[in-house]
Amino acid sequence: MSGINYVTKETLDQMMNELTLLKTKGRAEIARAISEAREKGDLKENAEYDAAKEAQGLHEAKIATLENAIAVSRIVSADAIDTSKVSILCKVTITNVANKKTVTYQIVSETEADLKAGKISVTSPIGKGLLGKQVGEVAEVQAPNGQIKFKIDNITA
């Protein structure tokens, strides 16, 4: 992951808590599993030991990824959002020009994206297409099944 990752304070706090948990409890559990596997004898033919060491590698990679994500994160507060145009962390109500279906999305960072919760990534095709647009404008989004036009109905913080 490179570049700046804009997140809310709550998301950064969640990431920090997860990192703390991985570094403390997670590492302790893996160390215990490696220790138990070592006690079972010859390490050359010990599948439990190999599995525990592999789990340790994956765990450390997850810690490194999370540390990097935290390092490039910048907190954006709701009161700093410019609602004159679509930007990160704003909520935008759009209408599909073709089928007249209206939806509201919040534009968020990749780490916060959750379509079921109405949060789309700023790097997604729709997110990219909406950025910088103002109320009344039509955004043309290139989707896998062709081009889709969305009319910007409302922008809020």
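Residues 24 or more positions apart supply 51% of the contacts in the protein with a separation of 6 or more, a contact being a pair with heavy atoms within 4.5 Å. The structure is a predicted model, in which local features need a pLDDT of at least 70 and side-chain atom pairs count only at pLDDT 80 or more, while totals for chains, interfaces and linings use all residues. Residues are numbered from 1 along each chain as its sequence is written, and side-chain values use heavy atoms, with hydrogens and water left out.

Confidence is described by pLDDT, the predictor's confidence in each residue, from 0 to 100. The protein averages 88, and 98% of the residues score at least 70. The lowest confidence falls in strand 1 (residues 5-7), with a mean of 80, and the highest in strand 3, at 94.

Turning to overall dimensions, the radius of gyration of the protein is 22 Å, whereas a compact globule of 157 residues would have one near 15 Å; the radius is taken over C-alpha atoms, and the globule rule is 2.2 Å times the number of residues to the power 0.38. Along the principal axes, the C-alpha atoms fill a box of roughly 70 × 35 × 25 Å. Of the 157 residues, 34% count as buried, that is, under 20% relative accessible area with a 1.4 Å probe, protein chains only. The protein exposes about 9,700 Å², of which carbon and sulfur atoms supply 52%; accessible areas come from the Shrake-Rupley method with a 1.4 Å probe.

The protein contains 3 helices and 7 strands, where helices (H or I, at least four residues) and strands (E, at least two) are DSSP runs numbered from the N terminus. In that direction the elements run β-α-α-β-β-β-β-α-β-β.

An open sheet is formed by 5 strands in the order 5-4-3-7-6, with mixed pairing; two strands pair if DSSP finds at least two bridges between them. Its edges are strand 5 (119-121) and strand 6 (138-143), each pairing on one side only. Strand 3 (residues 91-96) pairs with strand 4 (residues 102-108) in the antiparallel sense over 5 bridges, and here Ile 94 stands opposite Val 103. Strand 3 also pairs with strand 7 (residues 146-156), again antiparallel, over 6 bridges, with Thr 95 opposite Lys 151. Strands 6 and 7 form a hairpin with 2 residues between them.

Notes. Buried < 20%, exposed > 50% of the residue type's maximum accessible area, 1.4 Å probe, protein only.
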